[in-house]
Amino acid sequence: MKKTLALVLALVMVFALAACGQSAAPAATTETAAPAAAPVAEDAELVGVAMPTKDLQRWNQDGENMKAMLEAAGYAVDLQFGANDIATQVSQIENMIANGCKVLVIASIDGDSLGTVLAQAKEAGIPVIAYDRLIMNSDAVSYYATFDNWLVGTTQGEFIRDALDLDNAEGPFNIEFITGDPGDNNINFFFDGAMSILQPYLDSGKLVCPSGQVEKAVVATANWATDAAQARFENILSSNYADGTQLDAVLASNDSTALGVENALESSYTGKWPVITGQDCDIAIMKNLIDGKQAMSVFKDTRTLAAKVVEMVDALMKGAEPPVNDTETYDNGTGVIPSFLCEPVACTVDNSQELLIASGYYTMDQIENG
Ligand code: BGC
């Protein structure tokens, strides 16, 4: 017990120190310590890696980790970030195809907008691995590598259930909801997974949503943007909580939307701080996690996902079977896509030291300069 407390205190101090040196800007361009780049042979086969944006920390990590690991495995890599602009991502993928890539790895901006360009990939015999987000309605998608997105959602829902002790406490408790981009198929798993836990309490009246904004389409956030999340919550707070009504919990599907909620609360809420969920363990929310302003995040070790995708690419290049562990869950509209699901883990201040620092996921320097 003492040891745990000491660890937590040490972490609090380190994060507090780090936070002092932190710039006000979000940690958008932070990159994790990727393996050192290996020299790439001139005749190395080319892998195209298309990531959605550099604006969120995780995609920088995912992209750089994968590039380094693919290069270490002897492949040349064309890594592109799509600036959250669908047309940009489409033209990046077109270029990858024109440049003779042998496998495409794509984290889509909008899961429904790549049909035409992926038809070209299929025509050219290039297998496509959907990365993290499923690409919908295209029969060119060969494999899918992601985290167990339903488990992310149920983990968040269970966290709120347990933090409010919904099965025993009298309640009722006030809750608000926020999820991510409607074009990201993952929100169907994150949000529906969380609601599979929370809906019974809404139905029984133990949970109440004062804004009435409960439907997925209504609580979605274009591009998962922090400022849009903040603006929506400023409205919710001024319309429903300005009279001192207590907000007990916010189900936020990820850290960038949670941060918007936390910013809105900072500027216009004086009641007891609500339980807020998140996902990704972004550096930008670490201070809030330590300060108790965000109760939890879901840690998805992007190194594990990148390593699995490198295995998939390597198998495809060698004509072998890529590793999969799920052949039932993810139907993209053309049939079930064979998938590999990595495991997400709930992260709170209590296990953050072990998950994030001891595992080498973040260095102190990254936290300090994040
Ligand atoms: C990812 C999340 C991420 C979100 C915003 C989702 O598709 O699974 O990890 O927070 O996109 O980038």
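In this predicted model, the residues of the shell around the ligand divide into 6 charged, 4 nonpolar and 3 polar. Together, 13 residues surround the ligand, and the closest are Arg58, Asp132, Arg133, Asp184 and Asp280. Both domains take part in this shell: domain 1 (27-148 + 301-343) and domain 2 (149-299) each supply at least three of its residues.

The setting of the ligand is worth a look next. The ligand sits in the largest cavity. Two elements, helix H2 (57-72) and helix H6 (186-204), are those that give two or more residues to the shell.

Several polar side chains can be picked out around the ligand. For Asp280, one of the closest residues, an N or O atom of the side chain is 2.4 Å from an oxygen atom of the ligand. Asn254 places a polar side-chain atom 2.8 Å from a ligand oxygen atom, and for Trp59 the corresponding distance, again from a polar side-chain atom to an oxygen atom of the ligand, is 2.9 Å. On its own the ligand has 310 Å² of accessible area, and the protein covers 100% of it.

Notes: Residues are numbered from 1 along each chain as its sequence is written. This is a predicted model: local features need pLDDT of at least 70, side-chain atom pairs count only at pLDDT 80 or more; totals for chains, interfaces and linings use all residues. Side-chain values use heavy atoms; hydrogens and water are left out. A residue is near a molecule or strand if one of its heavy atoms lies within 4 Å of it. A polar contact is a pair of N or O atoms within 3.5 Å; within protein, one must be able to donate a hydrogen and the other to accept it, and residues adjacent in sequence count only if both atoms are side-chain atoms. Accessible areas come from the Shrake-Rupley method with a 1.4 Å probe; for residues, only the protein chains shown count as cover. On a 1 Å grid over the protein atoms alone, a cavity is a set of points where a 1.4 Å probe fits but cannot get out, and a pocket is an open set with protein on both sides within 12 Å along at least five of seven lines; lining residues have an atom within 4 Å of a point. A molecule sits in a cavity or pocket if more than half of its atoms lie within 2 Å of its grid points. Helices (H or I, at least four residues) and strands (E, at least two) are DSSP runs, numbered from the N terminus. Ala, Val, Leu, Ile, Met, Phe, Trp, Tyr, Cys and Pro count as nonpolar, Asp, Glu, Lys and Arg as charged, and the others, Gly among them, as polar. Domain bounds come from an automatic or database domain assignment.
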